[in-house]
Amino acid sequence: MKQTPQLEAIQRAMQPGAITAEGFLGADPRPLGDILIADEAAVRRLGLSHARIAGRMRELAAAGSRGLGLPTAVPPHFEVAVESVRGKLPCPFGHAGVYPKTNVVVRNLASGRQIVFTDLNIHLIAAHGFYEGLGSPFRCDPATLAEILEIAPEPPEAPAAAAGAL
Amino acid sequence: MLTAFLISVGVLCAINTLLALLMVLAEATIGNYGSVRVTLNGRRELTVDGGKPLLAALKEHNVFIPSACGGRGSCGLCKLTVENGGAPLSTELPWLSPEEQAAGVRLSCQLKVKRPLRITVPEEWLSVRQFAARVAALRDLTYDIKEVRLQLIDPPTIDFKAGQFIQFEVPPYALSDEPVYRAYSIASDPRQRGEIELEIRYVPNGICTTYVHRHLKEGDPVAFNGPYGNFYLRESDRDILFVAGGSGMAPIKAMLHQMAHEQNPRRTLYIFGARARRDLFLLEEMREFERRLPRFRFVPTLSAPAPNDGWTGATGLVTDVVEREVSEVSALEAYLCGSPLMIDACVNLLKKKGLPEERIFYDKFA
């Protein structure tokens, strides 16, 4: 993807000290456009879509929020805690509004693996296909998300009905 | 041919040098706003270095405005009314309601002082001070909550209302290249003026909590400013309901110290939510408050006690216990501290029970 001036400006907003102290890119030296392309390809290889991944994250966050901040069991074998810290963050892509600094901690009790994501992560994936740069503390690797959150591939699309069929 | 090439290179270099010089000159002249006057609450004149964010300029004059993000415009706490501040920047808009924008409210971390300004700061912020302190003791209250006791050095004492918070300064370290500030409620007795206690829960990837839990040592010098906040016990004869979870214990504990000293006779119920026995802490201290305050009752509740906890106390979420224990709200005041989810759920429940919102006070971690 060509690194447009808009992407350049967004990448600047993702640097450490702009919106967050640690930024969104970690030690990733790639242009933002390349990061987006690479993760888009990874998501496709998994047979998933950004919307499906974000939807699963949102679903688990909503189930976990019933614990009012405490870890809560979510069937079939997840434990989810939705923890809030003070502050809210704007979207580095410039979307209106701010996102609460909410950490969703999901433990897959079957595999023993855990991942932490935020409300802003969900938005960045759903709206921009952005999973953060390699080495970023809140990087949500698509394959890791798919494995821990047990996100099944998209069902194949049903063949379109033939035009004119009754 | 070669001569023409060399001349071209020379001309280009000269142009570049000239442009660089012009930029340096512009920075020193156009970008130099000199000293600028800031009028505070119509009566105090400050002379600040122009071009700086208002938040930083005020801090240099020992006027501390609450800010939990270190001036990045991501906490929305540092709002001030600026009579002649102009329109807010796009970075401020998410934080400002239309009414605030119309009233001239700005985020002081985003507003650069380029011309004389007239600002209004809440009076209570003018008593906020910067403190140098030393870590007197560190204690693990649970596996993820640490008690940090700070001995004040300069100034040597602090005056605060039980329930208020301070902003702890994290110096630059592996996770941050610059100082970062985070807000924590004071847990200690307000009469113990020479030191304060904080209860800090570890947050994964949190800059401040990682620093406190993994790097801070006894004897380390630290800095903070405060006190801030309007979460404190109101004077009345009403019954009191405290609800907290996790490190939300801190301001309630400070209020209990105050009540114990005053031998406060108000009937008080404190519901504290945790997941399992290992998440509970300060139980002995709470029992001691029960001995000192005959009308005080502490009810810890576990949402998912472990099989080997041997727990015989209350179970369920704090809202379940509020539902069971609170039936009459006509003479009740509620003080809530914890996660926004917990507070929102409690506020909704208490309102449903008929408690007017103006008698519900809370300190939301948001």
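In this predicted model, strand β16 of chain B, which spans residues 332-338, has seven of its seven residues buried, so the strand is largely enclosed by the rest of the structure.

**Strand β16 of chain B and its partner**

- The side chains of β16(B) are divided between two directions, with L332(B), A334(B), L336(B) and G338(B) pointing one way while E333(B), Y335(B) and C337(B) point the other way, and all of them are buried.
- Strand β12 of chain B, residues 239-245, runs parallel to β16(B), and the two are joined by six bridges.
- Within this pairing, D239(B) has L332(B) of β16(B) as its bridge partner.

**The largest nonpolar core**

- In soluble globular proteins, nonpolar side chains tend to be buried together.
- The largest nonpolar core here holds 132 residues, and those that touch the most other members are I186(B), L198(B), V243(B), I252(B), V318(B), L336(B) and C346(B).
- Helix α5 of chain B, residues 249-262, provides the largest share of this core, namely seven residues.
- Which residues does C346(B) contact, once its neighbours within four places in sequence are left aside? They are V243(B), V318(B), T319(B), V322(B) and L336(B).

**Helix α7 of chain B**

- Helix α7 of chain B covers residues 318-325, and V318(B), V321(B) and V322(B) are buried in it.
- Looking down the axis of α7(B), one finds its buried residues within an arc of 105°, so they line one face of the helix.
- An α-helix has 3.6 residues a turn, so residues three or four places apart point the same way.
- The elements of chain B against which the buried residues of α7(B) pack are β12, β13 (268-274), β14 (296-302), β15 (314-315) and α8 (340-352).

**An open sheet in chain B**

- Chain B also contains an open sheet of five strands, arranged in the order β2-β1-β5-β3-β4 with mixed pairing.
- The edges of this sheet are formed by β2 (44-49) and β4 (105-107) of chain B, each of which pairs on one side only, and the twist from one strand to the next averages 40°.
- Strand β3 of chain B, residues 79-82, pairs with strand β5 of chain B, residues 117-120, in the antiparallel sense over two bridges, and V82(B) stands opposite I119(B) in β5(B).

**Chain A as a whole**

- Chain A is built from five helices and four strands, which follow one another along the sequence in the pattern α-α-α-β-β-β-β-α-α.
- Taken along the principal axes, the C-alpha atoms of chain A fill a box of roughly 60 × 45 × 30 Å, and 38% of the 166 residues of this chain count as buried.
- If one considers the contacts in chain A between residues at least 6 apart in sequence, 55% of them join residues at least 24 apart.

**Where chain A touches chain B**

- The contact between the chains takes 30 residues from chain A and 35 residues from chain B.
- On the side of chain A that touches chain B, β2 (78-90) and β3 (98-108) of chain A each supply at least two residues, and the largest share, nine residues, comes from β2(A).
- What kinds of residue make up this side of chain A? They divide into 17 nonpolar, nine polar and four charged residues.

Conventions:
Residues numbered from 1 in each chain as written. Chains lettered and ligands numbered in written order. Predicted model: local features only at pLDDT ≥ 70, side-chain atom pairs only at ≥ 80, totals over all residues. Contact = placed C-beta atoms within 7 Å. Nonpolar A, V, L, I, M, F, W, Y, C, P; charged D, E, K, R; others polar. Core = buried A, V, L, I, M, F, W, Y, C linked by C-beta atoms within 7 Å. Buried ≥ 20, exposed ≤ 12 C-beta atoms within 10 Å, placed from the backbone. Pairing = 2+ DSSP bridges. Axes fitted to C-alpha atoms, helices over the stretch in contact; angles between N-to-C directions. Arc of directions from axis to C-beta.
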